[in-house]
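Subject: Structure handover

Hello,

Please find the structure below. My notes on what was found in it follow.

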Amino acid sequence: MNIVVLGAGAIGGFYGALLTRQGENVTFIARGKNLEHLQNHDLHIESIWGDFSVSVKAVAASDIPSLDPCDVVILAVKSTALKDVIPQIKELISEKTKILCLLNGIGNEEILAEEFGADRVIGGSAFVSTIFEKPGLIQHVAEGKIVMGDWTKERSKVVNQLAEVFRNLGVEIEVSDNIQQAKWEKLLWNICFNPITALTQTKVGVALNNQDIFPIMKRIQSEYLAVAKAYNIHFDPEQANWIFEENEDAGNHKTSMLQDFESGKKMELDAIMGYVIKLAHEKDIPVATIETIYHLLRFAENEANKN
């Protein structure tokens, strides 16, 4: 397949490197020091599946018009950058191109569907722990599964083909006929762990085992499940509580929101929390814990940006 990875960070870089190593025709759209490094050096992956290095094709956004039409755009930018890359996606797609969205949170596929049509959008969730250590170096520390499905809920040939490509890499793939439900399921973990670990500057394992932090995460879970239920998204008890099961690899994980805060990058507050708050307000559902943490993080982010 002819694949373009838009966003060569932790997730895009990891899966793109696997695809390149397998022999797929992959082009990365990158920028800054990361682009410079990828154009002159190998991309190194330190992985629980085995370390490897691979030479990749990387271009700047300004070079997109020179690229051949692609079968799939793997969208792996931060959700905060989604609207900024819409013009780049418009340049990349041809009549048959599909967009696999691996962005955190909910609300992103809806934007893509409005811009490009729901039939072009493949919703996706990457259950993986990766760290962008520095340009040219990505650490893969836990998991790796991808859940994806056509946004229209009508399974396409491209989704099946892409799933087979990923399976050939050794990546666990689940093709969902209700990707909207799957996105809410992934967000349950993100909304419980990402904001609180960013606010308290802790890794996942510390948050799970701390008597002050853990009860707050349980309240976030309860509020989130109430909002989901109001929108006909249902979780059985086992499904809702798997996020709190201890896992040694995940316990050592530093969440993406904490990584962003520490590096001075804009956090994905709206995709992970803001959209849920908006939906809660529309149904008059109280989400005081989620709102409090959202505003504390927004304050912290704004203060950090002043310095």
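N232 sits in the loop between helix 8 and helix 9 (237-241). Helices here are DSSP runs of H or I with at least four residues, strands are runs of E with at least two, and both are numbered from the N terminus. This is a predicted model: local features need pLDDT of at least 70, side-chain atom pairs count only at pLDDT 80 or more, and totals for chains, interfaces and linings use all residues. Residues are numbered from 1 along each chain as its sequence is written, and side-chain values use heavy atoms, with hydrogens and water left out.

Back to N232. Its phi is near 60°, a positive value in a residue other than glycine. Most residues other than glycine have a negative phi. N232 is exposed, with a relative accessible area of 60%. Exposed means over 50% relative accessible area, buried means under 20%, and partly exposed lies in between (1.4 Å probe, protein chains only).

D284 also has a positive phi, near 55°, and is not a glycine. Look for D284 in the loop between helix 12 (269-282) and helix 13. D284 is exposed, at 69% relative accessible area.

**Helix 5**

How far apart are the end C-alpha atoms of helix 5? They are 17 Å apart. The helix has twelve residues, 157-168, and should span 16 Å at 1.5 Å a residue, so the two values agree. The expected span is 1.5 Å times one less than the number of residues.

The buried residues of helix 5 are V158, V159, L162, A163, V165 and F166. Seen down the helix axis, they fall within an arc of 160°, so they line one face of helix 5. The arc is taken from the directions from the helix axis to the C-beta atoms. After helix 5 comes G170, with a positive phi near 95°.

L162 turns up again in the contacts of I3. I3 is in strand 1 (residues 2-6). I3 is buried, with a relative accessible area of 0%. Leaving aside neighbours within four places in sequence, I3 is in contact with L19, N25, V26, T27, V72, I74 and L162. Contact means heavy atoms within 4.5 Å.

**Salt bridges**

The structure holds ten salt bridges. Side chains of opposite charge can pair when their charged atoms come close. The cut-off used here is a side-chain nitrogen of Lys or Arg within 4 Å of a carboxyl oxygen of Asp or Glu.

- K78 and D260 meet at 3.0 Å, N to O. K78 lies in the loop between strand 6 (72-75) and helix 3 (82-92), and D260 lies in helix 11 (residues 256-262), so the pair ties together parts that are 182 residues apart in sequence. K78 is partly exposed, at 30% relative accessible area. D260 is buried, at 4%.
- D150 and K98 pair with their closest N and O atoms 3.5 Å apart. D150 is in strand 9 (residues 137-150) and K98 in strand 7 (residues 98-101), so to speak distant parts of the chain, 52 residues apart. Both D150 and K98 are buried.
- K306 and E303 meet at 2.9 Å, N to O. Both lie in helix 13 (residues 288-306), three residues apart, about one turn of the helix. K306 is exposed, at 63% relative accessibility. E303 is partly exposed, at 30%.

**A buried charge without a partner**

Now find E223, in helix 8 (residues 214-230). E223 is buried yet has no salt bridge. Leaving aside neighbours within four places in sequence, E223 is in contact with P286, V287, A288, T289 and I290.

**Cysteines**

How many disulfides does the structure hold? The structure holds zero. A disulfide is a covalent bond between the sulfur atoms of two cysteines. The cut-off used is a pair of cysteine sulfur atoms within 2.5 Å. For C70, the closest cysteine sulfur is in C101, 15 Å away, which is too far for a bond. C70 is buried, with a relative accessible area of 3%. C192 is buried too, at 0% relative accessibility.

Best wishes

Definitions and conventions:
Lys, Arg positive; Asp, Glu negative; His and termini not counted.
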